Amino acid sequence: MITTPLAGYLLVAALLFAIGLAGALTRRNAILVLIGIELMLNAANLNLIAFWRYGPHPEALTGMMFAIFSIAVAAAEAAVGLGLVIAIHRHAHTTDLDEINRMKG
Amino acid sequence: MIQEAAAAFAPQITASAITGILWLIPAFPIVASGIIAVLKQPRRRASAALAIGSLACSLLLALAAMGHVLAGRFNGFAVRETVNFTWIQVGAAQVELGWVLDPLSAVMLVMVCFVGLLIFIYSTGYMAHDENFTRFFCFLSLFAGAMLGVVISNSLLLLFMSWELVGLTSYLLIGFWYQKPSAAAAAKKAFLTTRVGDVFFLLGMVWLFAQTGTLLFYNAGKGSIEPLRLALLLVTPSHLGMTAATGIALLIFAGAVGKSGQLPLHVWLPDAMEGPTPVSALIHAATMVAAGVYLVARVYPLMQAGVQVSQSGEVIGSTTALTVVTWVGASTALFAALIAVAQNDIKRILAYSTVSQLGYMMAGLGVGGVAVGMFHLITHAFFKALLFMGAGSVIHGCHEEQDIRHMGNLKIEMPFTFLTYLAGMLALSGVPIFAGFWSKDAILESTHTWDVSRAPFYMLVFGAFLTAFYMMRQVSYVFFGNWRGHGEAHESPSVMLLPLMVLAFFAIFLGFLGTPFWPWFRAFLDGHPAEFGLGAFKEPGLLALMGTSSLVVLLGLGIGWRLYGNKSVRADDADVLEIRFPTLWTLFENKFYIDELYGVTVIAFYAWWARVADWMDRRVWGGIVTGVSWLARVGAQASSLFDTDWINGGFDKSCEELANGGGLMAGVQNGRVQIYLRLLALAVVVLAAILIWSSRG
Amino acid sequence: MGFPFWILAALTVAGALAAVLLRNLVHCALALTVAFAGLALLFLNLDAQFAGFAQILVYIGAVAILVVFAILLTRSTETPKDGGVFSRTWFVGLVISAGAFAVLGWALLQSQPGLSLGPATAPAATVQQIGTALMGRYVLALEIVALLLTAALIGAVIVARHEREGTKEG
């Protein structure tokens, strides 16, 4: 079924994405949700790099650059996200998303 | 409606230096707003100086642009210069943005900058004691920038983006005193109501892009409202027997209806008076609400597409789109004037008057072309800003009192405010010589000769009578009679009075730019030379029409003075009209119960829909798991307790669930982030599936 | 499609699975590190050395450490007393993510014939080239990212720091 190298990488990325999504959607702990989101971002990065490597114009470096910027943005996202988790924990004394339901209007 | 195509100047398209830097005009206030946003609250002087300075720079540039357009006129060509660039390129499709300098945008630029600058100066006095002074100027600057962006846009998309930004700042400024629940509610109402129109606008824009492949207005013959593409739109049929041109024009007009407070989306504008008075003057009288009128003027070729032109160049009949514009405008003009008669809040009277005057502009656009509607827009901007700022001065002087029944005899304490207000009031009423007379008369004249129906003419004439009447009523209540307020009224500081005087000057004299004997303004916008001559008065019916309209106005003023003028009344006395026509009065006072009507229809529907969503949420999202476990439990106990558990328990359970679901209105918004996340993911998955499915093969 | 790829792929997926499935959060963070490392090696395998090392530096060096800190600061090491570590309605989430995987896999199968594009030899992507590109064509993006990181840094500090009694800040 997997006949080209690119397809293999894409399959791995898809698996990672699905695992990350499942983590984000099913775990009760907010930190684990963030971990899931990080995994999804990484899956996207893997796609970018794989497409860059096997795409028609690897010399343009576009996919690679995109992945590098994406890593930087993900770092910012992780810092702010975890900061928020800590703030919520201080406020509600829990990181359990089933118990945090203050987000209504 | 005479189209002198032969005599018109040849359009000139190449861009000049001033057009190249036209983007700086909106950029100055936006940058200033960004800087003010990071200033600390106590830096009041710096923030006001930044806002005023940046807008002054914009005004200088706008004047330079105006000068360029005028120079072009002297040299015998109509300036229409554009700068376009590609914003996004996706495959063969590209989204282009750009700006345009032509007489229409030049006039608007100067008006917005000038009126805006005066209102900025006035605000430094009006908001002097507000602790959120810097925030106010930040929003005000952002608004000015966004509005200027609307004006210079040569692309429907850029116009839409600025348009939405204008809507956002309007929301922020109406809700500026967000501690007041009524202000917060008014802000929300304004945002949501205009959003209804904007959705149609967006649909029209997407449709236009799908049909023509470009959103640029002018692009050397390839723009979406230039003859080539219009011809294409005219032959494309669509639903209900309309051409695509008509459909798109109507959708875009719906956006203008929302922004300009036309029927039936006018409900937000009177409530928007909860904002600070300079905001009412700038946004909800002079500029933003005029953006809808400007939009219609900007896409006028689209609105007018397919109209029949006789051999002598006269327009015969009207297009569907323009007919709709006229009827909506005329109905709004009359309807809002009726309501204004029975209001007691000084700003609300002016607000309904604004709605009514916007109706005049729309009707003017519908029957008379760009110049007629735009001329009233410009004069109205000056005198209505003057009236609002005068009202602000009155409110300021009467210790934040807004009810005209609690004022009176202010002509003694506030002479400058009184005189300037009088100038604005006479201009709005349309007393001869004043600016409003000429512009309103041009509209009346066009409706008089409209081929389709005579009814709008009579509606507008009656509206003019009402306008004179309610303005006289207001002025009598506020400036004449006996003092019914508490404390002592005082005149406002000179920083507030100076802008009033400047505006009063224009309210009196601006009309001479577009009189029948020297129709310079129309010639300027249409791009052909203006001729001075008293010959226009010999045109049959013109003098009679002017006489009639003057008579109607004087009648309105006279009756108003007769009923209200210089009388001693108590604040809790019933209105004179209320005693004579109690039923009609109640109807007008309650604004024809439009808000109540929306309450039992649209809002009730949404509440019902929210209950449905809530029920879905409980049964589908939260309920799947409970349902599964419940089934399993039932299955396990089925052998022994089939009857009791299945029939009774099941029935009870569903009844209970139904009762819970119906009782609460929380919707899907149950506060769980993870539920939101799941819905989001589900939507993305479905969307991706649809995309892949549709791109197969 | 060599042998190393399959080992690395298995390592990464296993790490990711462990990261979302384990009960103890510290173990999850460690498993996450393994997944990140596997990804970095996959990047190297794709001849994207710079991205690979950036991955190691940023994710293993910073993000994983941050996660561990967050876990310790919020005392989330002990598993909740009532029920499991999964949400009460975990089933729905699982169905949705399975759907996501199905759609992705479907897209992959749909596009199989067109996937054999590009050169088989490694393209040159030296650090010098990347640096030139960052300072040239992508300089605006680089500046914006720098700004974003600064803002995120300040924002994270402000959000996470203790609010002192009686003062209204942040």
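Helix α27(B) meets helix α4(C) through B:Arg678, B:Ala681, B:Leu682, B:Val685, B:Ala688, B:Ala689 and B:Ile692 on one side and C:Val92, C:Gly93, C:Ile96, C:Gly99, C:Ala100, C:Val103, C:Trp106, C:Ala107 and C:Gln110 on the other. Two residues are taken to be in contact if their C-beta atoms, placed from the backbone, lie within 7 Å. By class, the contact of α27(B) with α4(C) comes to twelve nonpolar, three polar and one charged residues. Here Ala, Val, Leu, Ile, Met, Phe, Trp, Tyr, Cys and Pro go down as nonpolar, Asp, Glu, Lys and Arg as charged, and the others, Gly among them, as polar. This is a predicted model, in which local features need pLDDT of at least 70 and side-chain atom pairs count only at pLDDT 80 or more, while totals for chains, interfaces and linings use all residues. Residues are numbered from 1 along each chain as its sequence is written, and chains are lettered from A and ligands numbered from 1 in the order in which they are written.

As for geometry, α27(B), residues 673-694, packs against α4(C) at an angle of about 20 degrees, and the two axes are 10 Å apart. Axes are lines fitted to C-alpha atoms, for helices over the stretch in contact, with angles running from 0 to 180 degrees between N-to-C directions. The two helices α27(B) and α4(C) are therefore roughly parallel, a label for angles under 35 degrees. Their crossing is left-handed, meaning that the near helix is turned anticlockwise from the far one by less than a right angle.

Chain C itself has six helices and zero strands; helices (H or I, at least four residues) and strands (E, at least two) are DSSP runs, numbered from the N terminus. Of its 170 residues, 31% count as buried, with 20 or more other C-beta atoms within 10 Å of their own C-beta atom, placed from the backbone.

Chain C also touches chain A, in a contact that takes 69 residues from chain C and 65 residues from chain A. On the chain C side, α1 (3-21), α2 (25-45), α3 (49-73), α4 (90-110), α5 (127-135) and α6 (139-160) each give two or more residues. The most comes from α3(C), with eleven residues. That side of chain C divides into 54 nonpolar, 13 polar and two charged residues.

Chain A, for its part, has three helices and zero strands. Of the 105 residues of chain A, 63% are buried.

Key: A residue is buried if 20 or more other C-beta atoms lie within 10 Å of its own, exposed if 12 or fewer, and partly exposed in between; C-beta atoms are placed from the backbone. Angles under 35 degrees count as roughly parallel, over 145 as roughly antiparallel, 65 to 115 as roughly perpendicular and the rest as oblique.
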